[in-house]
Amino acid sequence: MIVVHHLNNSRSQRVLWLLEELGVPYEIVRYQRDPKTLLAPKEMRAIHPLGKSPIVVDGDVTVAESGAVVEYLVSRYGQGRLKPAEGTPDALRFSYFLHYAEGSAMPPLLLKLVFIRMESAPVPFFAKPVARMLARGAQQSFIDPQLKLHLDYLENEIGKTGWFAGNAFSAADIQMSFPLEAAASRGALDASRPGLQGFLERIHARPAYQAALERGGDYDLAPRPTR
């Protein structure tokens, strides 16, 4: 049986969702983030040297990295489901958004999280104004414009069919869920982008999404203070 090494509030939630959509049985081994550093526990390195979530073990096969995990599961267990037919324009979009989610969409969101946390980081009293000024300056001059660029692009793309890889829901939509949920939790996604908000509403209403939440537990992507 497939074993998902599942870290709370992490990318592995969408792996649980994918498995629920596929109807594939799986077991969960749970890990909790350090409440101060928010890092995964070192025990995950016993499964994969980097100790990053998600990690899926299927018999003698161990797969890490979200995109690789999604590709593996859809290829092995999908039986043609949750991906467009090979050689079609939608198949190219499927591959693009499967990799875009982590390669392009997540870096500015990760920077946003880092600089939000920097504003509340424990530093000497006299240094707090400087730290806050630097954090806010970085967000206003670089991070926020980058987020706007990506979200404007995605609003246009989702407006074409309502999904990211053609007219039907696919695993590319599952992969894209994490950056968009992260954007919403960090205040970068609002009513000015109704297409993306509608996308989140549609995926949250899916029974498999809700079943994965029940099994996965904690899933809150909002930034947390460092103390």
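The lining of the largest cavity divides into eight nonpolar residues, one polar residue and no charged residue (Ala, Val, Leu, Ile, Met, Phe, Trp, Tyr, Cys and Pro count as nonpolar, Asp, Glu, Lys and Arg as charged, and the others, Gly among them, as polar). This is a predicted model, in which local features need pLDDT of at least 70 and side-chain atom pairs count only at pLDDT 80 or more, while totals for chains, interfaces and linings use all residues. Residues are numbered from 1 along each chain as its sequence is written, and side-chain values use heavy atoms, with hydrogens and water left out.

**Largest cavity**

- The structure holds two cavities of 30 Å³ or more, a cavity being a set of points on a 1 Å grid over the protein atoms alone where a 1.4 Å probe fits but cannot get out.
- About 50 Å³ of space lies in the largest cavity, a volume being the space filled by probe spheres set on the points, which are joined across faces, edges and corners.
- Its lining residues (an atom within 4 Å of a point) include His150, Leu151 and Pro179.
- Helix 4 (128-161) is among the helices that each supply at least two lining residues, and the largest share, four residues, comes from helix 4; helices are DSSP runs of H or I, at least four residues, numbered from the N terminus.

**Helix 1 and helix 7**

- Helix 1 (residues 12-22) and helix 7 (residues 207-216) pack at an angle of about 130°, with their axes 8 Å apart; axes are lines fitted to C-alpha atoms over the stretch in contact, and angles run from 0 to 180 degrees between N-to-C directions.
- Residues of helix 1 including Trp17 meet residues of helix 7 including Tyr209, where contact means heavy atoms within 4.5 Å.
- By class, this contact of helix 1 with helix 7 has seven nonpolar, two polar and three charged residues.

Notes:
1 Å grid on protein atoms, 1.4 Å probe; cavity = no way out; pocket = protein on both sides within 12 Å on 5 of 7 lines; lining within 4 Å.
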